[in-house]
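Colleague: I would like to learn how to read a few features of a protein model, taking the general idea first and the particular case second. Could you take me through this one?

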Amino acid sequence: MANTYLTRTPSSAGNRRTWTISTWVKKASDAVSIFSAWYADSTVGHFVFRGSSDKFGWSQWSNDSYSTRLFRDVNGWYHVVLAVDTTQATASNRIKMYINGVQETSFSVGAVYPSQNEELSVNNNNIQTIGSNNYSSNAEFWKGSMSHFHFIDGTAYDATAFGETDATTGEWKIKTSPSVTYGTNGFFILKDG
């Protein structure tokens, strides 16, 4: 995507507690922001789903949570899913991240989870950006490729809603027409790259 990115500002807020992002990415060595949302309110802040330093993770304000596992392949595609449900009583159930169908449970600096029932900047009626970190003039672009980007409003899906293991090869593969409900502000773009 180089220095290109997409933005959308929903006309009204959707479910800010429960949502899912699923996309397939091919990373460049310095690819950073997959998705971001900014809200000019010190109580809500900024949220970014990113890939950086050979890891995938999320950041709320400046609290970064990155996988311990390293992802260094710049030739292959990764399926990344972020499922958020802040209504969950257990903190580690409030954000779940999956890479190629595997839930990441080990984080390099310890995961930072939102408070129970916290409303995040994602899915608010503020700018939402795919392929860039939109909170400052020093944008952090996703400099790889991206395809099959799903945003789900109101449901936290796991990776199996969007992908499956190939019975012959054992590799994680795409479901090109997943059976999901997009909700009020949900969408599916970049279907063909």
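**Reading the cavity, the sheet and a buried lysine**

Modeller: By class, the residues that line the largest cavity are 4 nonpolar, 3 polar and 1 charged, where Ala, Val, Leu, Ile, Met, Phe, Trp, Tyr, Cys and Pro count as nonpolar, Asp, Glu, Lys and Arg as charged, and the others, Gly among them, as polar. This is a predicted model, in which local features need pLDDT of at least 70 and side-chain atom pairs count only at pLDDT 80 or more, while totals for chains, interfaces and linings use all residues. Residues are numbered from 1 along each chain as its sequence is written, and side-chain values use heavy atoms, with hydrogens and water left out.

Colleague: What is a cavity, and which residues line the largest cavity?

Modeller: On a 1 Å grid over the protein atoms alone, a cavity is a set of points where a 1.4 Å probe fits but cannot get out, and lining residues have an atom within 4 Å of a point. Here the largest cavity is lined by Arg8, Pro10, Phe35, Asn123, Gln128, Phe151, Asn185 and Phe187.

Colleague: What should I look for in the backbone of Asn123?

Modeller: Most residues other than glycine have a negative phi. Asn123, although not a glycine, has a positive phi of about 75°, and Asn123 is also buried, with a relative accessible area of 1% (buried means under 20%, with a 1.4 Å probe and protein chains only).

Colleague: In what order do the strands of the open sheet run?

Modeller: Strands are DSSP runs (E, at least two residues), numbered from the N terminus, and two of them pair if DSSP finds at least two bridges between them. In this model 6 strands form an open sheet in the order S9-S8-S7-S2-S11-S14, with antiparallel pairing; S9 and S14 are the edge strands, each pairing on one side only. Within that sheet, S7 (residues 78–85) and S8 (residues 95–99) pair over 5 bridges, and the partner of Val81 in S8 is Tyr98.

Colleague: Is Lys27 buried or exposed, and which side chain does the side chain of Lys27 make a polar contact with?

Modeller: A polar contact is a pair of N or O atoms within 3.5 Å; within protein, one must be able to donate a hydrogen and the other to accept it, and residues adjacent in sequence count only if both atoms are side-chain atoms. Lys27 is buried, with a relative accessible area of 4%, and its side chain makes a polar contact with the side chain of Asp54 (3.4 Å). The backbone oxygen of Phe71 lies 3.3 Å from a polar atom of the Lys27 side chain.

Terms used
1 Å grid on protein atoms, 1.4 Å probe; cavity = no way out; pocket = protein on both sides within 12 Å on 5 of 7 lines; lining within 4 Å. Buried < 20%, exposed > 50% of the residue type's maximum accessible area, 1.4 Å probe, protein only. Helix = DSSP H or I, 4+ residues; strand = E, 2+ residues; numbered from the N terminus.
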